[in-house]
Amino acid sequence: MAPWGYEKDNGPAHWHKDCPIANGKNQSPIDLINGEVKYDSGLKPLTAKYVPFSDAKFLNNGHSVQFQPSAGNGSELTGGPLAVKYNFEQFHFHWGNNDTEGSEHRVDGKMYPAELHFVHWNSTNPSFKDAVGSGGPNGLAVLGFFLKVGAENAALKPITDLIPKVKDAGTSVTVPSNFDMQAILPATLTDYYTYDGSLTTPPLAECVKWIVFKQPLEVSAAQMEAFRSVINRDGKPMGGNYRPPCPLHDRAVKTSFK
Ligand SMILES: CC#CCOc1ccc(CNS(N)(=O)=O)cc1
Ligand SMILES: [Zn+2]
């Protein structure tokens, strides 16, 4: 199979050939249906502490654009549905070629123009790769933020301003060390959906505690256009790099809000 992607000949419908777990019972993303979720008063507030990175790259890996520090720096996620501390690994985006599509998760069938994922790994593992392969839904914790078009996002501007430098697959740039990742997050990490799921890209491992925030972040139309200028490894616009929703099967989606 050609390397996986989102085109007709290598997209989500093909992924099961290399990753049979694609047809598993704990796959992501899903459609978050408000009439079927259950409020859980036991969900604690989430705390994300992101400290400045001295040497981080912003790169085009052919299927997304990704902020990737070279090694751990003590940025961590705790609380919410998580029993232990999780280390920050990377963040990346999924988006569409127009404002009616682009997010991976949906809310009552509604798609947002984009979705931002902050990937973290369970610190009881020796490494990120061990956490992916650790089995069960506590290997990784991914924060999902919907993006909608509105005001310019000043916190993401240092990143969206770098996009022209990583237009082509396989390119990367160094991110200025004064980039403040914490500023991307809302002041309080409240009102989220959480459920046990998987990576939404190969290897599709069912190792993820998903935490998807109800409140979208805003980005400007110009920032959305920057994403839409990114090219994938086939030389085509990368927009459309989202997996469609997967069956919920017998999973529960819990909410931190009523
Ligand atoms: C071992 C291994 C591996 C690959 O690790 C990843 C990590 C994150 C992702 C992105 N997946 S998502 N969209 O669910 O955050 C894909 C592969
Ligand atoms: Zn993702």
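Student: In this predicted model, how many charged residues does the lining of the second largest pocket have?

Tutor: The second largest pocket holds about 220 Å³ of space and is lined by 18 residues, with Pro45, Leu46, Thr188, Leu189 and Thr190 nearest its centre. Sorted by class, that lining has 10 nonpolar and 5 polar residues, and the number of charged residues is 3.

Student: Which strand gives the largest share of the lining of the largest pocket?

Tutor: The largest pocket, with about 370 Å³ of space, is lined by 20 residues, and Gln90, His92, Leu199, Thr201 and Pro202 are the closest to its centre. Its lining has 10 nonpolar, 10 polar and no charged residues. At least two lining residues come from each of strand S9 (114–122), helix H1 (128–132), strand S10 (140–149) and strand S7 (86–95), but the largest share, 3 residues, is supplied by S7.

Student: What is the arrangement of the donor atoms around the zinc ion (ligand 2)?

Tutor: The protein donors are His92 (NE2), His94 (NE2) and His117 (ND1), which lie 2.0 Å from the zinc ion (ligand 2). For four donors to count as tetrahedral, all angles must lie between 85 and 135 degrees. Because the 4 donor atoms subtend angles of 101 to 115 degrees, the arrangement is tetrahedral.

Student: How many residues apart in sequence are the parts that His94 and His117 tie together?

Tutor: The donor residues of the zinc ion (ligand 2) follow the spacing H-x1-H-x22-H. Since His94 lies in strand S7 and His117 in strand S9, the pair ties together parts whose separation in sequence is 23 residues.

Student: Are His94 and His117 buried or exposed?

Tutor: Buried here means under 20% relative accessible area. By that cut-off, both His94 and His117 are buried.

How values were computed: Residues numbered from 1 in each chain as written. Chains lettered and ligands numbered in written order. Predicted model: local features only at pLDDT ≥ 70, side-chain atom pairs only at ≥ 80, totals over all residues. Heavy atoms only, no water. 1 Å grid on protein atoms, 1.4 Å probe; cavity = no way out; pocket = protein on both sides within 12 Å on 5 of 7 lines; lining within 4 Å. Points joined across faces, edges and corners; volume = space filled by probe spheres on them. Helix = DSSP H or I, 4+ residues; strand = E, 2+ residues; numbered from the N terminus. Nonpolar A, V, L, I, M, F, W, Y, C, P; charged D, E, K, R; others polar. Donors = N, O, S within 2.8 Å, 3.2 Å for Na, K, Ca; no water. Tetrahedral: all angles 85-135°; square planar, octahedral: opposite > 155°, others 65-115°. Buried < 20%, exposed > 50% of the residue type's maximum accessible area, 1.4 Å probe, protein only.
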